[in-house]
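Student: Could you walk me through this structure and show me how to read its features?
Tutor: Gladly; let us look at it together.

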Amino acid sequence: MDVEKSDTMPIRSSEDVVRVRQAVRTGSVSLGFSLVDQTKIITAASEIARNTLDYGGGGELRLDLVRAGIRRGLRLVFSDDGPGIADLAQALKDGYTSGGGLGLGLGGAKRLCNEFDLRSAPGEGTTVTLIRWK
Amino acid sequence: MDQIPILQVGDCLLVSIQVDMHDQLAMQLQDDLTTRVVKTRARGVMIDISALEIVDSFIGRMLNNIAAMSRVLDAVTVVVGMQPAVAITLVELGLGLSGVKTALNVDKGLALIRRLIDDGTEDWVGRREK
Amino acid sequence: MPADLHSVIPALIEQHHQELLQAWIGSQRRGGAAGLSLLDNATINEQARRFLDELRRSALSGQVENIDGPEWAGTREVLEQVSRSRSAGGSSASQTATFVFSLKEPLFNLLREHVKDAEGMARETLIASLLLDKLGLYTTELAQRSRDEVIARQQEEMLELSTPVIELWDGILALPLIGTLDSARTQIVMENLLQRIVDSRTEIAIIDITGVPTVDTLVAQHLLKTISAARLMGADCIISGIRPQIAQTIVHLGVELDVISKATMADAFALALRRIGKTVTDRVVARRPEA
């Protein structure tokens, strides 16, 4: 996979989360994503960005325009140095219970993307990679 | 500091969300609405999200909270104008908006609120002719 | 191939640019990239010149193995333009690829002139050959992609024709699905339906699956997702045309169909009318009063 363009942005405040949404929109529009696909990737980005802020203590997003052969896509890498996730399997399970539950929305975000990678361990921070292909 | 305007129409409160809200703004809207519902003794709350292109779990929870809060205060909440792409994404996300009634647009939303308040039922059948 | 392989090709192309260009144009004409008779000389010259220019620039980066990177963007772009213009002019994908492959002969000749040892010659020839193979294959991929795009567009048009959304009544839409549903097609059809619901301000949509021979789990899931989405928006759906076999399949698959289903469209329509508060009555013809 080759990277055609790469941008990094901080996620340190809720205004940054808004900026993340805008940046992902700009990226997906430039790749010519359909409206539904745009909505999906921006929503997924919003979920993960919020996690990075709320649970990761803040972090950053690297936004890459990638290409593999003739396919082009958007890759989002969210990273933080927070406490990390102890039980990855549990985190990926669905659970938007109003109130309780992890509510991390990782399972949902995963369904909205073509490729999804989660790396985390207690005390080692978390890195979430999302890819949506055109 | 920007605020989302809340309009009063009869015994209903109308909110139209036009901006991509950051979290504090969303929380503020929740608080403002609660206060206004109490103050005006509103029976209905209508939230127009036709301009929202993204509804993530945070906004979803906000809508659920507003509905729950209104119910406690004996008011009904109707969310109108959800865009198809948003609906499709919410379904994929697995986020249900249970406890929130929805309608296609403002007109139908107001009609629904009327039915819910007046008839206590949302069935179409038995709609009162005005 | 080792990554730090140093090749003389970039330097050679840079230094003998003009000579290479002339030899190549000649080779194209001779070798009969058979569509050449369709192109005038000026076009051939122009395309060859631009390609070689970009090739030169890209090769100067020193990296001649991977054509996907940003250093090769200019070259890829020229190939895209040449490919497009040639296929518009009637050339086949192979003919356009030959445009690139025909550069091998003059390039190998150039190498033979300047690389004196056999070992080096063999190595450089391989590098040149691999590079031009990749660029040539890229043009065939482009041709395939544009063909795929045409097919996709035609499919979409056929889809629109074969899955019309019908307004049965003010407030009731019907979507008769015909034929086998695959994942991609179902998605398009469903998005279409949801948009129509918004545009026509219709609250009830009848999805008729009489014309669908089989319903597998994937299709059932898509249907359910569409219905959930419609409900989120403030509308609702009724499914009609469920044949006994399909009902059995659905139960067998363990899919929870939390939606009202009717055997026929007529039943669904009657239900929909009731839901929107309409009834159908007989017209009473007024009698003329007796004189």
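Student: Which residues does B:Ala87 touch, not counting residues up to four places away in sequence?

Tutor: Two residues are in contact if their C-beta atoms, placed from the backbone, lie within 7 Å. By that rule B:Ala87 touches B:Met82 in its own chain letter, and C:Leu194, C:Ala229, C:Leu232 and C:Met233 across in C. Keep in mind that this is a predicted model, where local features need pLDDT of at least 70, side-chain atom pairs count only at pLDDT 80 or more, and totals for chains, interfaces and linings use all residues. Residues are numbered from 1 along each chain as its sequence is written, while chains are lettered from A and ligands numbered from 1 in the order in which they are written.

Student: Which residues touch the most other members of the largest nonpolar core?

Tutor: A nonpolar core is a set of buried Ala, Val, Leu, Ile, Met, Phe, Trp, Tyr and Cys residues joined through C-beta atoms within 7 Å. A residue is buried if 20 or more other C-beta atoms lie within 10 Å of its own, exposed if 12 or fewer, and partly exposed in between, again with C-beta atoms placed from the backbone. The largest core here has 96 residues, and A:Ala45, B:Ala87, C:Ala205, C:Ile206 and C:Met233 touch the most other members. Its largest share, 8 residues, comes from α2(A). Apart from it lies another core, of 28 residues, including C:Phe51 and C:Leu135.

Student: How many residues does each chain give to the contact between A and B?

Tutor: Chain A gives 21 residues and chain B gives 19. On the side of chain A, the elements giving two or more residues are α1 (14–30), α2 (35–54) and α4 (106–111). Such labels follow DSSP runs, numbered from the N terminus: helices are H or I with at least four residues, strands E with at least two. The largest share, 9 residues, comes from α2(A).

Student: What about chain A and chain C?

Tutor: There, 5 residues of chain A are in contact with 6 residues of chain C.

Student: How do I read the sheet in chain C?

Tutor: Strands of a sheet pair through backbone hydrogen bonds, either parallel or antiparallel. Here two strands pair if DSSP finds at least two bridges between them. In chain C, 5 strands form an open sheet in the order β1-β2-β3-β4-β5, with mixed pairing. β1 (166–169) and β5 (261–262) each have a single partner strand, so one side of each is left without a neighbour in the sheet. Strand β4 (residues 236–240) runs parallel to β5(C), joined by 2 bridges. C:Ser240 stands opposite C:Lys262 in β5(C).

Student: Which strands does helix α8 of chain C lie across?

Tutor: Helix α8 (residues 183–200) lies across β1, β2 (172–178) and β3 (204–211) of chain C, at about 165° to β2(C). For such angles, axes are lines fitted to C-alpha atoms, for helices over the stretch in contact, and angles run from 0 to 180 degrees between N-to-C directions. Helix α11 (residues 265–275) lies across β1, β2, β3, β4 and β5 of chain C, at about 175° to β3(C).

Student: Where does B:Asp74 lie?

Tutor: B:Asp74 lies in the loop between α2 (57–72) and β4 (76–80) of chain B. Its phi is near 60°, a positive value in a residue other than glycine. B:Asp74 is exposed, with 11 other C-beta atoms within 10 Å.
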